[in-house]
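Please look over the sequence and the model below before reading on.

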Amino acid sequence: MAARPPFSSLRRWRSLPRLLTLAVLALLSAAALLVMLPGSGQSGSGPSSPPAAPTGPVPVRVLMPAPLADAVAAPVAQFNASTPGVVLEVIRGPLDTETISDLATGSLLLGEAPFDLLLVDVSWLPRYVAADWFEPLERWLGPESLAAMEPGARLGNGLDGHLWRMPLTGDTGLLYWRTDLMERPPRDTDELVAISRDLQRRGKVRWGYLWQGRQYEGLSCVMVEVLQGFGAHWWNGSTARTELDSPEAVAAAKWLADLLQDGVSPQAVASYAENDALQSFAAGDAAFLRNWPYAWREIEKGGGPVKGKVGVTAMVGAPGEQGGGTLGTWGLSLIKGSPHPEEAVAAIRWLTGPIVQRQLAIEQGYAPTWSTLYDDPELQRRAPLLAVQRQALQHPQLRPPTPAYAQLSDLLARQVNGMLTGQGGPGPTMAAAQRQSLQVLRSLAGPAGDTAAGRPAVDR
């Protein structure tokens, strides 16, 4: 039975109201997950329940966000048809990344999660490992299980010398551009702005650049890219501290604020999530778009005015700086205490293997992780973004690899969104974000100055 982790292992939540909120969340999450189980109305046997005498196929349940649950429906059916004695069941979670993380966290807090596997965003891993919710995978998959993957796909899967996650996708943030309005994509941020202004002046587009400015995780991903592109760093792995008030970080924030002030981006971008920006770009409103790989498939199948007129490239930086897209990979982790670890790992092998990843690249546009797939001529023909995705995976940008990431992301997104809506300038905004970040890291450290809350991940 999976032991319920002590609250100290969750990094000492700061107040009684917070504890009560988490307790309520845990109860509601557990109830919601039971309802979501295939064949709702059945209680099911979760990973922490005593195993009953087998009377049929062994059930292996995996919790996934709705888009990926839908994307793997066919591979799941193939696994079940070819694996006698095991039935893989997908619990279709919410669409929103943060909501499904809250759902999983609430259930795991009770120590009675009704799933064996969890599809984990790369930014969640340090927090879930610190809470002792996952089982290391190297005993089944071997120490070199990631060696045949692209460099960026190997990141964010390991911590403390253990492999905790096998990546299913290799997605990064990408820059979309209109091939009918320019001969090539911009080389840097200066060119992006200059091209945007020229096209706006000539009445070719209403807006230059669309991106995600709403107060949520998408804005944090934008900040990772812009900070990198201006030579700044959100996280210093050597000191396990944030560096958000450096001159370079302030310059990065100023660039975003200027996009709205100068009309290159609409004021409404401060309320945009991925689909808001995508819909406006697909309607022909803008020259450039920041989004994830799935957006290209959506544009091409939508039949809008820019269909067949969109190119994709890696994210650009300021002149003289190297750009890079935020690493947005999803991967499968094994819940500690699962009564069926062997069968669950078999499901991990199948879902993260080359056959399934090839299907996802062709049908959904997700970036593969295996290097051999990028060398496949037939896949190159059927998945046109493959070369760009491989380029982006050479130098992807990780979000801070710390158990405190959720708090750090929330406060940075809040501060930057406030700047975008006129509540402060770039300098004060980033100074406040840095000050609050250090407060979070100090509050989550142990009584003897233990900095485990800020430790960097050890990637495999």
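In this predicted model, the lining of the largest cavity is made up, by class, of eleven nonpolar, two polar and two charged residues. Of the 15 residues that line this cavity, Tyr 209, Val 226, Trp 255, Met 315 and Val 316 lie nearest its centre. Helix 7, helix 8 (217–229) and helix 9 (247–261) are the elements that give two or more residues to this lining, and helix 8 gives the most, with four residues. The count of cavities of 30 Å³ or more comes to five, and two of them are set side by side here.

| Cavity | Volume | Lining | By class |
|---|---|---|---|
| Largest cavity | about 140 Å³ | 15 residues | eleven nonpolar, two polar, two charged residues |
| Second largest cavity | about 80 Å³ | ten residues | seven nonpolar, two polar, one charged residues |

For the second largest cavity, the lining residues that lie nearest the centre are Val 122, Ser 123, Leu 398, Arg 399 and Pro 401.

Turning to the sheet, four strands form an open arrangement in the order 9-12-8-13, with mixed pairing. Strand 9 (207–210) and strand 13 (310–314) are the edge strands, each pairing on one side only, and neighbouring strands are turned against each other by 20° on average, direction ignored. Strand 8 (residues 174–178) pairs with strand 13 in the antiparallel sense over five bridges, and Val 310 in strand 13 is the bridge partner of Arg 178.

Helix 7 (residues 189–201), which also contributes to the lining of the largest cavity, lies across strand 8, strand 9 and strand 12 (286–291) and runs at about 140° to strand 9. Helix 11 (residues 294–302) lies across strand 8, strand 12 and strand 13, running at about 30° to strand 8.

How values were computed
Residues numbered from 1 in each chain as written. Predicted model: local features only at pLDDT ≥ 70, side-chain atom pairs only at ≥ 80, totals over all residues. Heavy atoms only, no water. Pairing = 2+ DSSP bridges. Axes fitted to C-alpha atoms, helices over the stretch in contact; angles between N-to-C directions. Contact = heavy atoms within 4.5 Å. 1 Å grid on protein atoms, 1.4 Å probe; cavity = no way out; pocket = protein on both sides within 12 Å on 5 of 7 lines; lining within 4 Å. Points joined across faces, edges and corners; volume = space filled by probe spheres on them. Nonpolar A, V, L, I, M, F, W, Y, C, P; charged D, E, K, R; others polar.
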